Amino acid sequence: MPQDQQMNEGIEEILEAVARREDRERASEIEEKTVQLVVFAFDDRFYAFYGELIQEIVTVTEIAYVPGMPDYLPGIINVRGEIESVLDLRRVFGLPSVPLTTQSRIVIGEVDAVRSGILVDSVEDVLEVPEESIQLAPSVLEVEFAEYIIGEATYKGHNLTLLDLKKIFRNLLKTE
Amino acid sequence: MRHNISVLLFSVRNTLFGVDAGQVEELLNIEDVVSSRPFGEECRVRYNARDLQILDFSSRLQLHERSDPWRNFHAAPEKSAFCARNTAAISMLEPSPKVLLTKQKGEGMLRGIYIEYPKQLLSISVGCIHRLPVLMREKKLIEAIWGIALVEGCPIVLVDLERL
């Protein structure tokens, strides 16, 4: 076989291998659709909201009290000239409030034009996870606020519970 | 078009409130109207030959029932200087609780409201006045609260005296 022909065949093989690898990678990307999560700690456990629903994360400055609100709405904050309500997730879930700490954060969430700050014990991470890694285990359906749970994943060896912010806002807006 | 409103600022239980100064007739000294009664006790008295009903701002806004762990938090580094100055117990006007006499439209009974410390009369641009956030608009239990004024970064709860 002439040397030129051998070389051309070798190049073709390499190009085919590259094409196959790219096809595999594309297929893998399609299969592994990822979602962004904002991970926060709350009541000594890890929880998350979908990152696309979180506008920003702010440190807790002064929460100005607004009278005559349900106890899960303790007040408002000023975020660069905008007034945001503060939602105490503990109260929404029927847990007692705890004093704020320097780790406390307010995540500003927005769903369907409803926007509010949500008070959490700390924000731990913002990460991308494969969508398929979030699954709804039967055990989570037994917790008190199961109706707000979308699913669970694993984060640093611990359970991470993904919460449904849309449902939280929607239920709060319902007439009691 | 109105670009500014005049707001009387006062504090009750360390919280700042503002009312449209146009709704206020006068600030009365407690001893001139209810000298023999405990502060905050709602009552009806005679004042300037007319009946005066006095309401307690604190109980009308359910401030007695307040319990908040937020007061234990002292790590906030960005507390507005305006807030700090105006929630201090010493008034810039007069350091004593007052009865706020509301402006009366007709000849009926006069209406007064116990407040604690009057602070300032402010002219606030309407651009600094915000509606309550949507969750609060839907869930509020007190109709009299109609908005929030943001003055020097400090949120002030605006109250309609006629709906108190």
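## Strands and how they pair

Two strands count as paired if DSSP finds at least two bridges between them. Strands (E, at least two residues) and helices (H or I, at least four) are DSSP runs, numbered from the N terminus. This is a predicted model, in which local features need pLDDT of at least 70, side-chain atom pairs count only at pLDDT 80 or more, and totals for chains, interfaces and linings use all residues. Residues are numbered from 1 along each chain as its sequence is written, chains are lettered from A and ligands numbered from 1 in the order in which they are written, and side-chain values use heavy atoms, leaving out hydrogens and water.

## The sheet of chain B

Let's start with chain B, where six strands make an open, mixed sheet in the order β8-β1-β2-β11-β10-β9. Strands β8 (117-125) and β9 (129-130) of chain B are at the edges with a single partner strand each, so one side of each has no neighbour in the sheet.

Now look at β1(B): six bridges link it to β2(B), and the two run antiparallel. Within this pair, L8(B) has V19(B) as its bridge partner. The two strands form a hairpin with two residues between them, and R13(B) in the turn has a positive phi of about 50 degrees. By contrast in direction, β2(B) and β11(B) pair in the parallel sense over three bridges.

Is β1(B) largely enclosed or left open? Seven of its nine residues (4-12) are buried, so the rest of the structure largely encloses β1(B). Here, buried means under 20% relative accessible area, exposed means over 50%, and partly exposed is in between (1.4 Å probe, protein chains only).

## Salt bridges

Side chains of opposite charge can pair when their charged atoms come close. A salt bridge is a side-chain nitrogen of Lys or Arg within 4 Å of a carboxyl oxygen of Asp or Glu, and the count over all chains comes to eleven.

One of them joins R90(A) and D121(A), at 2.8 Å from N to O. R90(A) is in helix α2 (89-92) and D121(A) in the loop between β8 and β9 of chain A, so the pair ties together parts 31 residues apart in sequence. R90(A) is buried at 8% relative accessibility, whereas D121(A) is partly exposed at 23%.

In chain B, R46(B) and D51(B) form another, with their closest N and O atoms 3.1 Å apart. R46(B) is exposed at 55%, while D51(B) is partly exposed at 32%.
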